[in-house]
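Please read the following walk through a structure with the coordinates open beside the text.

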Amino acid sequence: MIKTIVLENYALSALARLLAQGSFEVSHSLDDLESAEILLIRSRTRVDQSLLQKAPRLKLVITATSGFDHIDWRECQKRQIVSVHCPNANAQATAELTFTLMLACERKLVEARRNVRENRWREGLTRPHGLEGQILGILGLGRVGQRVARIAQAFGMKLIGHDPYIDEQVFTHYGIERHGMIEVLRSADIVSLHVPLTKETKHLLNQPTFKEMQEQALLINTCRGPVIDENDLMVALDEGTIRGAAVDVIEREPPPAGHRLLTHPRLLMTPHIGAFTESAWEKASNEAVEKAIAYKNNQPIGDTLPLNTAWFMNA
């Protein structure tokens, strides 16, 4: 039997599939780490030196998330532990939230809802432009960025983008004009971020890059919080350097009570719910379980860390 620790919430259908193999002994307690061979987690569990010291028999760590900032894959390598992420399950849900935020800001849904509750109807509301014909600048054309582009086409938006690690055929396929990052920032009415967090992308949006954006530009972030310098974002919003921002991720989650991020009138924030759908949760749970079963059957697992991609070399 393969001792497997499952931490955080996994879909019951996925756990049932795991148990049906008849080869896995499943526990949900960290107290059993000492005898565990497989660890199934999500983003709240930090796999670091402290945790790994308690798991001398561990061979495989699987996170049912696309992100893997919480896994010290280098320490895993030193201990000959395979670490794996699940990049496919959450892409659609995150793309959907990207457009939810975009539409909420463009159509001023928060203000409209407040007016209805205060019995002021359309009093004081300004007429929005609408998404059709607007220029959407996409920074990062991976799984999520490509889905965002596909949705944007249905809204009649003009697409420009930047991603030095993506082939030209992807830009052509989605009808995206390829530009340098600064040109995208200067030209886009809306900028949407879909980059991984690396040394290159940390604080990618900062005071100098905010100043390259149009005054009426809107910024959307559903990728990683540290991609934006939050202090510089507050200044940009205060000074009207950009029209507004909508973010699902920030550097410290949740932010401390009283933080300006929580109350700024030009900022719409959601509590990291990009992948928070039943569909994405079940897909990610099953993707993780599939990798555990592949390990049991001595089959290739896929999506192991470190990734064999050019951008990951800069992570």
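Where rings of Phe, Tyr and Trp (its six-membered ring) count as a pair if their centres lie within 6.5 Å, the count comes to one aromatic pair. The partners are Phe 99 and Phe 155, whose ring centres are 5.2 Å apart and whose planes meet at 10°, so the pair is stacked, in a scheme that calls planes under 30 degrees apart stacked, those over 60 edge-to-face and the rest tilted. The pair links distant parts of the chain, since Phe 99 belongs to helix H4 and Phe 155 to the loop between H6 and S7, 56 residues apart; helices (H or I, at least four residues) and strands (E, at least two) are DSSP runs numbered from the N terminus. Phe 99 counts as buried at 4% relative accessibility, whereas Phe 155 counts as partly exposed at 32%, where buried means under 20% relative accessible area, exposed over 50% and partly exposed in between, for a 1.4 Å probe and protein chains only.

All of this describes a predicted model, in which local features need pLDDT of at least 70 and side-chain atom pairs count only at pLDDT 80 or more, while totals for chains, interfaces and linings use all residues. Residues are numbered from 1 along each chain as its sequence is written, and side-chain values use heavy atoms, with hydrogens and water left out.

Helix H6, residues 143–154, has twelve residues and reaches 18 Å from its first C-alpha to its last, close to the 16 Å expected at 1.5 Å a residue, the expected span being 1.5 Å times one less than the number of residues. Its buried residues are Val 144, Gly 145, Val 148, Ala 149 and Ala 152. Seen down the axis of H6, these buried residues fall within an arc of 140°, so they line one face of the helix; the arc is taken over the directions from the helix axis to the C-beta atoms. Among the elements that cover them are helix H4 (91–106) and the strands S6 (135–139), S7 (158–162) and S8 (176–178), with contact meaning heavy atoms within 4.5 Å. After H6 comes Gly 156, which has a positive phi near 75°.

Next come two strand residues with polar side chains in contact. Thr 63 lies in strand S4, residues 60–63, and is buried, with a relative accessible area of 0%. Its side chain is joined to that of His 70 by a polar contact of 2.9 Å, a term for N or O atoms within 3.5 Å of which, within protein, one must be able to donate a hydrogen and the other to accept it, residues adjacent in sequence counting only if both atoms are side-chain atoms. Not counting residues up to four places away in sequence, Thr 63 touches residues including Val 84, His 85 and Cys 86. His 85, in strand S5 (residues 82–85), is buried at 5% relative accessibility, and its side chain reaches the backbone oxygen of Ser 66 at 2.7 Å.

What of the cysteines: how many disulfides does the structure hold? With a disulfide defined as a pair of cysteine sulfur atoms within 2.5 Å, the structure holds zero. The sulfur of Cys 86 is 14 Å from the closest cysteine sulfur, in Cys 76, which is too far for a bond. Cys 223 is likewise in no disulfide, the nearest cysteine sulfur, that of Cys 105, being 16 Å away.

Most residues other than glycine have a negative phi, and most peptide bonds are trans. Glu 8, in the loop between S1 and H1, has a positive phi of about 70° although it is not a glycine, and His 272, in the loop between S12 and H11, has a positive phi of about 55°. A cis peptide bond joins Glu 253 and Pro 254, with omega about -10°, and the bond from Leu 305 to Pro 306 is also cis, with omega near 0°.
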